[in-house]
Amino acid sequence: KPPWFIHGRVFFSFPLFGSLLPRESQEKPQRTAPLLPPGAGSPCAMDWQPDEQGLQQVLQLLKDSQSPNTATQRIVQDKLKQLNQFPDFNNYLIFVLTRLKSEDEPTRSLSGLILKNNVKAHYQSFPPPVADFIKQECLNNIGDASSLIRATIGILITTIASKGELQMWPELLPQLCNLLNSEDYNTCEGAFGALQKICEDSSELLDSDALNRPLNIMIPKFLQFFKHCSPKIRSHAIACVNQFIMDRAQALMDNIDTFIEHLFALAVDDDPEVRKNVCRALVMLLEVRIDRLIPHMHSIIQYMLQRTQDHDENVALEACEFWLTLAEQPICKEVLASHLVQLIPILVNGMKYSEIDIILLKGDVEEDEAVPDSEQDIKPRFHKSRTVTLPHEAERPDGSEDAEDDDDDDALSDWNLRKCSAAALDVLANVFREELLPHLLPLLKGLLFHPEWVVKESGILVLGAIAEGCMQGMVPYLPELIPHLIQCLSDKKALVRSIACWTLSRYAHWVVSQPPDMHLKPLMTELLKRILDGNKRVQEAACSAFATLEEEACTELVPYLSYILDTLVFAFGKYQHKNLLILYDAIGTLADSVGHHLNQPEYIQKLMPPLIQKWNELKDEDKDLFPLLEVGGLLAGSQSPTPSFPNPSTSAASPWCRRLWPRP
């Protein structure tokens, strides 16, 4: 019997949930034609209609899936797994999305998103009639009155296209482009939204012979809509064209002058999304077609100066990227030198924490060391050698981890105007060197000694951002600035203490070059206090800064080893999971830096008990074994020029041998 056959009646083409099924009829079963799937019987895709009772059960499932209750969510997931075994379930999902306009938008959209996930996972196994029905419904309803539903349908279309269907769905692009001419706004906007998603996901394919280069038609078509009366349509049009700048699509290069002319016309657009896309286009053009921008560079710079101060932070962030890109161009010094007097104050102003930043960073929380870390936010961290200054270090001013860890999902690590402004100042300092200081020093004094902590914190960030590029010019001021920064390590605000740790690490090379009692000893003393700070962000920044100081100071730290080890060992009892990994790194760097000087019984007796305790707490499959093993290896390597390793046959009781030499 087919899976949708139920004794007595056919309600659905797949087994639904026990309590909702009709009781089995006592009459002799009749083999009636199934309603689903459309390809399994006579009904064609266009004529398909759902069974009403089955449709109600699907709707109930969709509503249940919006419940915050974890147990309900688990039940829904189990039911979805059962239903996904039957491709015709997807007909019901597309029907809810496109036809049930009486249902609330979240339920309809959720139906589309579940279908999108099914397409991603199982599209190749969809029967052709099911796939055809879904594609027809998408194109027929791209102009839905709801913007949420239009966006969901657009996502569904581009997901189908990404499964290799652009070649197998030849009518898609022509139909979407024809729909752009519709006088109905919803239809035009829905088609443009879908096209934008396709351009984002399939830009290379659209410029290939496999599809007969549709961009030759699409690019001129998009350019026509730069002057559309709707800002949403204008924004879509720019965003579509922007997808092909970096790849230098030939169709765009053939229309590059028209494109730039249209961008200039939109420079003062009232809509922030349009301005953002204009800025994004100019930044990319600066990288790939600077030859076309050079004749207009003065005007473009003036425009970007205005947009970097835009009241919409997203626009300001896109504009700020311009300075990062310009700094990498050979003409930077020539075209930007006369504008530094305007640009530097703008960048400095952008380096202050916004109110939302402070909320997200919990800037009002001073002591949180007892709060456990969220395990999903912890990434593996391994000991590695540092350089004095890392490229674009200003992008990580909070003491965050190295570049490969910059893609954290939480809001604290998002690229924002503060980080972009700091990075721009960093790279410009490397271009202009000491020439930057006359524009910066008058601002710095007011910032560093400002009574408001947010302003003061931004001044400390500025000082750290210019450390690499302006070091020589800053040397005369460092004897006064370093003691002030060391004082800031005791500031009452955790975010000030944290940024002071980072900035001081940027000047560690100069600190170590001075007599030890002058700056090294006070800095080391205060950093060790901050390692034991009650705030986890400060602990992290202090540990990272101290590791940098260790690499710079090397054997200069030998007289203070006992004090250093006392602090690091005490930190084992204070740190939560994330900072514990950074503590391992600091210990490993110390072993690297002082070498055999660590090979003293009193030092080994201090270090080994907490390390062994942590080792005993870990399971065999725990990923924290790796950094802990690295620390153990570095300590072993520092003990003698030719370290001798324990014999597993005689050292079985040692926890360090338990996993290194496992028993058979």
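## Overall architecture

In this predicted model, the chain contains 34 helices and zero strands. Of its 664 residues, 54% are buried. The accessible surface of the chain amounts to about 29,900 Å², and carbon and sulfur atoms account for 52% of that area. When contacts between residues at least 6 apart in sequence are considered, 73% of them join residues at least 24 apart.

## Nonpolar core

The largest nonpolar core comprises 201 residues. Those with the most contacts inside this core are Leu206, Phe259, Met304, Phe322, Trp323, Leu336 and Ile466. In soluble globular proteins, nonpolar side chains tend to be buried together.

With residues up to four places away in sequence left out, Leu206 touches Leu166, Leu173, Ile198, Cys199, Leu211, Arg213, Pro214, Leu215, Met218 and Phe244.

## Loop residues with positive phi

Arg213, one of the residues touched by Leu206, is located in the loop between helix H9 (203-206) and helix H10 (215-224). Its phi is near 50 degrees, a positive value in a residue other than glycine. Arg213 counts as partly exposed because its relative accessibility is 31%.

Cys554 occupies the loop between helix H29 (536-553) and helix H30 (561-572). Although Cys554 is not a glycine, its phi is positive, at about 50 degrees. A relative accessibility of 30% places Cys554 in the partly exposed class.

## An exposed helical residue

Gln472 belongs to helix H24, which spans residues 471-474. Its relative accessibility is 63%, so Gln472 counts as exposed. Glu434 is 38 residues away from Gln472 along the chain, and the C-alpha atoms of the two residues are separated by 7.4 Å.

Methods
Residues are numbered from 1 along each chain as its sequence is written. This is a predicted model: local features need pLDDT of at least 70, side-chain atom pairs count only at pLDDT 80 or more; totals for chains, interfaces and linings use all residues. Side-chain values use heavy atoms; hydrogens and water are left out. A nonpolar core is a set of buried Ala, Val, Leu, Ile, Met, Phe, Trp, Tyr and Cys residues joined through side-chain atoms within 4.5 Å. Buried means under 20% relative accessible area, exposed over 50%, partly exposed in between (1.4 Å probe, protein chains only). Contact means heavy atoms within 4.5 Å. Helices (H or I, at least four residues) and strands (E, at least two) are DSSP runs, numbered from the N terminus. Accessible areas come from the Shrake-Rupley method with a 1.4 Å probe; for residues, only the protein chains shown count as cover.
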